[in-house]
Amino acid sequence: MDLDYSLMMGLDYNLMMDLTDVELKLEELEAGYKKKYFRKDTKRAWSFNCHCGEKVGSNIAEEYFIALITRKDPNAIGRFCSKECAEIYFNEQRNELLVERERIIEERRKMREVYEEAERKFIAIKEKS
Ligand SMILES: [Zn+2]
């Protein structure tokens, strides 16, 4: 019986990469959440529909909010009428990423535990023989 260090290291490496990926997404999400001001120097008013159904136009409003909608499309940017509307999406995605991060951290912890237990047994067997 021999312990397969390379297998565990490979699994842990994958989890580490997943963790880095989730943390990058969190950073991107936070960086992509902004307040924007409508340009007032354009001849034609520009408008969009918020996810709540509210129509927002540069001729009426001063500001709007943007947030990345990575869950639906990695490059999608959502435009929102208000901070409250943007926060619903921002928090939803942030929570999803935080849950995912916890899951990976827990998985790494469990794997280490299993491995340490196996190592203890391995040493005990060796000492007996
Ligand atoms: Zn809205």
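If you look at the handedness, the crossing of α1 and α2 is left-handed.

Which residues of α1 and α2 meet? On the α1 side, they include M8, L11, L15, L19, V22, L26 and L29, along with charged-looking names to spot such as D12, D18, E23 and K25. Across from them, α2 brings F90, Q93, R94, L97, E100, R101, I104, E107, R108, M111 and Y115. Sorted by class, the contact of α1 with α2 has 12 nonpolar, 1 polar and 9 charged residues.

## A sheet of three strands

Now for the sheet. It is open, has 3 strands in the order β1-β4-β5, and its pairing is antiparallel. The edge strands are β1 (34-37) and β5 (77-80), each of which pairs on one side only. On average, and ignoring direction, neighbouring strands here are turned by 35° against each other.

What holds such strands side by side? Strands of a sheet pair through backbone hydrogen bonds, either parallel or antiparallel. In this model, β1 and β4 pair in the antiparallel sense over 4 bridges, and Y37 stands opposite E63 in β4. Strand β4 (residues 63-68) also pairs with β5, again in the antiparallel sense and over 4 bridges. Over there, L68 has I77 of β5 as its bridge partner.

## Where helix meets sheet

Helix α2 turns up again here: α2 packs on the sheet, where it touches β4 and β5. The direction of α2 makes about 5° with that of β4.

## How confident is the prediction?

What is the mean pLDDT of the chain? The value is 88, and 93% of the residues reach 70 or more. Among the elements of the chain, strand β3 (residues 55-57) has the highest mean pLDDT, 94, while β5 has the lowest, 88.

Notes:
Residues are numbered from 1 along each chain as its sequence is written. This is a predicted model: local features need pLDDT of at least 70, side-chain atom pairs count only at pLDDT 80 or more; totals for chains, interfaces and linings use all residues. A crossing is left-handed if the near helix is turned anticlockwise from the far one by less than a right angle, and right-handed if clockwise. Helices (H or I, at least four residues) and strands (E, at least two) are DSSP runs, numbered from the N terminus. Two residues are in contact if their C-beta atoms, placed from the backbone, lie within 7 Å. Two strands pair if DSSP finds at least two bridges between them. Axes are lines fitted to C-alpha atoms, for helices over the stretch in contact, and angles run from 0 to 180 degrees between N-to-C directions. pLDDT is the predictor's confidence in each residue, from 0 to 100.
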